[in-house]
Amino acid sequence: MKVSLKRRPFLGGIGAATLAAGTTPAAAQAALTLRMSTPATPTDQRSVALAEVFGPAVKDFATYQPHYNSTLFKQGTELEAIARGNLEMSITSAQELATIFPQWSIFTAGYLLRDADHQKKVFASPIMDELKKPVEDRLGVKLLSVMYLGRRQLNLRTDKEIRRPADLAGTKLRMPNTEAWLFLGTALGANPLPLAFTEIYTALQTGAVDGQDNPLPTNRDSKFYEVTKQIVLTSHLVDQNYVAFSKRVWDRLTPAQRDIVQKASDDASELGRQRQLKLESELEAFFKERGLKVYAPDVDAFRAQVQKAYLESRFAKDWPAGMVDKINAIR
Ligand code: KDO
């Protein structure tokens, strides 16, 4: 496995921290607080579902305490915070996991997962075991459930029509700040610029970037439509997040409490998934009413370029052998 210089000291630190974790059952402890940090807003469907379903389900033995808009930890630093024992939960992504475990970059590849159902089946399948295990063993993070974020679409403040990847040449496209995210921007044909989620609105408003990519529900929730002119329905990534839970906290729970936590996470993710899918099917009209152009480009051209870029990329060298075929075979 390739481990970059950035990764080495971090993983070294985790080993020590994980070994030092206590083992007293939670039942014997004072009330447990589950702090959850995310860049998402409180009105994002993943946030809403966790607050509505997860919080109440665990209330007999834990207090669910969400922190939104990256107010507790900056986007991309949550996993390290959990590993070090400074945070109990987050909504993480394959892109963040890939900064530590390169094999996770398989799920950062555009046009790999087909839809929400495929995403859910892949996460539940045994092929995930070899990806989840090091995250648990070496990082001390349990990935409880997969959350559907939605199909990412291009959302631009420019009004030039985008039909094919070449039309994006020179477009400053905001991407989250990890190598895998930036590569997706390049693969699409744009010039990616790294920026935290919480800074997107202002960057679009001031013209610091020409556009961003996020699913339709996020574009509405974070009001990106107020400062952009068009949405190009590339559906280049069926985006997923994971409910990340501290292993050291998990180990302190009783078996019955673990079952409750797991079910609460699965139920919240399912509710969020259903609501997000419904919103995706409705929102095109919402943006059109507000004057945005919403249209499908030549998706086959984007798919061909992006898939080729990933398969030829250095990321693909870290993917478990045969995994792409196994993912494609899951129906
Ligand atoms: C984003 O920064 O564009 C992104 O959509 C990336 C996701 O992985 C996820 O972190 C999400 O932001 C945040 O939860 C905010 O919605």
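The protein chain is assigned two domains: domain 1 covers 8-149 + 240-278, and domain 2 covers 152-238 + 280-317. These bounds come from an automatic or database domain assignment. The model is predicted: local features need pLDDT of at least 70, side-chain atom pairs count only at pLDDT 80 or more, and totals for chains, interfaces and linings use all residues. Residues are numbered from 1 along each chain as its sequence is written, and side-chain values use heavy atoms, with hydrogens and water left out.

Taken over C-alpha atoms, the centres of domain 1 and domain 2 are 26 Å apart. Contact, meaning heavy atoms within 4.5 Å, links 26 residues of domain 1 with 30 residues of domain 2. The two domains bury about 2200 Å² between them, with 52% of it on carbon and sulfur atoms; buried area is the accessible area (1.4 Å probe) that two parts lose on being put together, summed over both. In domain 1, Gln95, Tyr111 and Lys278 lose the most area to domain 2, together 34% of what that side buries.

One salt bridge is counted between the domains, the term denoting a side-chain nitrogen of Lys or Arg within 4 Å of a carboxyl oxygen of Asp or Glu. Lys278 and Glu282 form a salt bridge, with their closest N and O atoms 2.8 Å apart.

| Class | Residues on the side of domain 1 |
|---|---|
| nonpolar | nine residues |
| polar | 13 residues |

Key: Nonpolar A, V, L, I, M, F, W, Y, C, P; charged D, E, K, R; others polar.
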